Amino acid sequence: MNARGTHSAAAKAKWDRLQKSTLLPQPRYGKVFKSHIFGSPTIVSTDAEVSKFILQSDAKVFVPSYPKSLTELMGKSSILLINGSLQKRIHGLVGAFFKSPHLKAQITTDMQKYVLKSMANWSYDRPIYIQDETKNIAFEVLVKALINLDPGQEMESLKKQFQEFIAGLMSLPINFPGTRLYRSLQAREDSVPVLLTLAVKYLSDSPSALQQLLEENMRLKKLKDQLGEPMCCSDYLSLPFTQTVITETLRMGNVIIGVMRKAMRDVEIKGYLIPKGWCAFAYFRSVHLDESNYDWPYEFNPWRWQEKDTSNCNFTPFGGGQRLCPGLDLARLEASIFLHHLVTQFRYLLSRTKPYN
Ligand code: HEM
């Protein structure tokens with residue numbers, strides 16, 4: 001569908017092609033099916049309600065578990081694999097960053113600083129690789145937030161928490177304690193660069209969305225300039241169209257395609273049995289691209305979110321339940337800051353001649 005709600009024959013043909021070529025629920029298998037795709041017996045759920053149940057269950061029912069082939073790809077320290085008290089502590093630590101107004105302001109200033117620093121080096125005579133640029137920014141923000149904590153009472157208590165946490169890790173039989181936490185968070189930090197790279201791509205293909213994004217951000221920039229005030233965290237997050245662009249990119253882009261769990265006992269959900277010891281794969285991508293949940297699911301249409309709520313089980317880019325991504329606000333903030341400065345300072349053209357991997 002285009003921005004104003006009309007479907008072209010070309011779009012329909014593209015949708016039919018995509019339907020056939022991707023791993024979408026095929027009616028003959030149903031929405032929940034058995035597979036060995038990762039080398040372990042796995043129940044794949046493409047059903048939003050079944051996936052919701054999997055996400056909401058605690059560690060007595062399901063624990064995170066990824067087949068060997070995948071853990072080798074992700075690295076053993078991946079945050080997706082951590083469980084028990086370690087998981088709770090990391091979760092709390094990341095969540096704490098966003099609960100404190102002082103930290104929030106600090107992180108916004110830092111993110112802004114690194115985004116502007118990166119963009120200051122851009123020039124019109126060479127291509128800019130968005131994923132590389134955003135990776136550098138995300139890395140700098142993370143290092144600043146975790147290591148170079150500025151002085152202040154709140155910072156002190158957080159630093160203490162962090163040191164205790166590292167000390168706790170030392171007592172565990174893991175190779176290199178500090179690096180483990182760092183690497184796990186860093187692995188997670190790759191998701192924002194992927195999100196932004198996709199946003200730039202989708203916006204390039206949707207001039208009307210880009211135009212509306214530009215207008216919204218320009219309006220705010222002019223207002224702030226007139227008032228002589230710097231942009232703050234709530235300014236960035238208050239731009240409604242910018243948020244729908246991020247939401248739509250999360251839906252279509254599926255930065256995390258799904259999560260896996262292992263059943264600790266036989267579990268029955270909506271008439272499906274997941275036997276003890278089997279893996280369950282909550283496949284978000286399939287739910288996010290399901291025609292019965294979203295009209296014209298392969299169309300980048302930020303406007304669809306103007307009437308739709310993001311808090312429902314058909315939209316889970318950040319997971320859900322106890323393991324809901326604690327970095328979700330940070331991710332949205334970072335994305336909003338980057339998009340704001342990108343559209344208000346640059347006109348860009350997507351290079352189609354030289355694919356970059
Ligand atoms: C577009 C960006 C992001 C996406 C799509 C994303 C997605 C997710 C998802 C789906 C999970 C749940 C995993 C599960 O249920 O097993 C998760 C967990 C997590 N995320 Fe994010 N994330 C993003 C950004 C971030 C950022 C920026 C941080 C922190 C700096 C972060 C930190 C974490 C942590 C610590 C967990 C583990 C939570 C736990 O197990 O309790 N994420 N993320």
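Trainee: What percentage of the 357 residues in the protein is buried?

Mentor: Here a residue is called buried if 20 or more other C-beta atoms lie within 10 Å of its own, exposed if 12 or fewer, and partly exposed in between, with C-beta atoms placed from the backbone. By that count, buried residues make up 30% of the 357. Keep in mind that this is a predicted model, where local features need pLDDT of at least 70 and side-chain atom pairs count only at pLDDT 80 or more, while totals for chains, interfaces and linings use all residues. Residues are numbered from 1 along each chain as its sequence is written.

Trainee: What pLDDT does the protein average?

Mentor: pLDDT is the predictor's confidence in each residue, from 0 to 100. The average in this protein is 80, and 70% of the residues score at least 70. A contact means that the C-beta atoms of two residues, placed from the backbone, lie within 7 Å. Residues 19–28 also stay under 50, with six contacts beyond four places in sequence.

Trainee: What order do the five strands of the open sheet have?

Mentor: Strands pair through backbone hydrogen bonds, either parallel or antiparallel; to count as a pair here, two strands need at least two DSSP bridges between them. The order is E1-E2-E7-E4-E3, with mixed pairing. E1 (32–35) and E3 (62–64) stand at the edges with a single partner each, so one side of each has no neighbour in the sheet. On average, neighbouring strands are turned by 30° against each other, direction ignored. Angles like this are taken between axes, which are lines fitted to C-alpha atoms (for helices, over the stretch in contact), and run from 0 to 180 degrees between N-to-C directions.

Trainee: Which strand does E2 pair with in the parallel sense?

Mentor: E2 (residues 42–45) pairs with E7 (residues 279–283) over four bridges. In that pairing, Ser-45 stands opposite Ala-282, and Val-44 opposite Phe-281. E4 and E7 run antiparallel and are joined by five bridges; there, Met-260 stands opposite Phe-281.

Trainee: Which residues of E7 are on each side?

Mentor: In a regular strand, side chains alternate between the two faces of the sheet. In E7, Cys-279, Phe-281 and Tyr-283 are on one side, with Ala-280 and Ala-282 on the other, and all are buried.

Trainee: How many residues are in the largest nonpolar core?

Mentor: A nonpolar core is a set of buried Ala, Val, Leu, Ile, Met, Phe, Trp, Tyr and Cys residues joined through C-beta atoms within 7 Å. The largest one has 33 residues, and Met-111, Leu-195 and Phe-338 are among those touching the most other members. H14 gives the most to this core, with nine residues. Leaving aside neighbours within four places in sequence, Phe-338 is in contact with Val-115, Thr-134 and Leu-196. Apart from that core lies another, of 23 residues, including Ile-43, Phe-53 and Ala-282.

Trainee: Which residue does the UniProt annotation "binding site" cover?

Mentor: UniProt positions are given in the numbering used here with feature names shortened, and annotations may be inferred rather than shown by experiment. The unreviewed entry puts "binding site" on Cys-325. Cys-325 sits in the loop between H13 (284–288) and H14 (328–345). It is buried, with 20 other C-beta atoms within 10 Å. Beyond four places in sequence, Cys-325 is in contact with Phe-318 and Gly-319.

Trainee: What is the phi of Lys-270 near?

Mentor: Most residues other than glycine have a negative phi. Lys-270 has a positive one, near 45°. Lys-270 lies in the loop between E5 (267–269) and E6 (272–274), and is exposed, with 11 other C-beta atoms within 10 Å.

Notes:
Helices (H or I, at least four residues) and strands (E, at least two) are DSSP runs, numbered from the N terminus.
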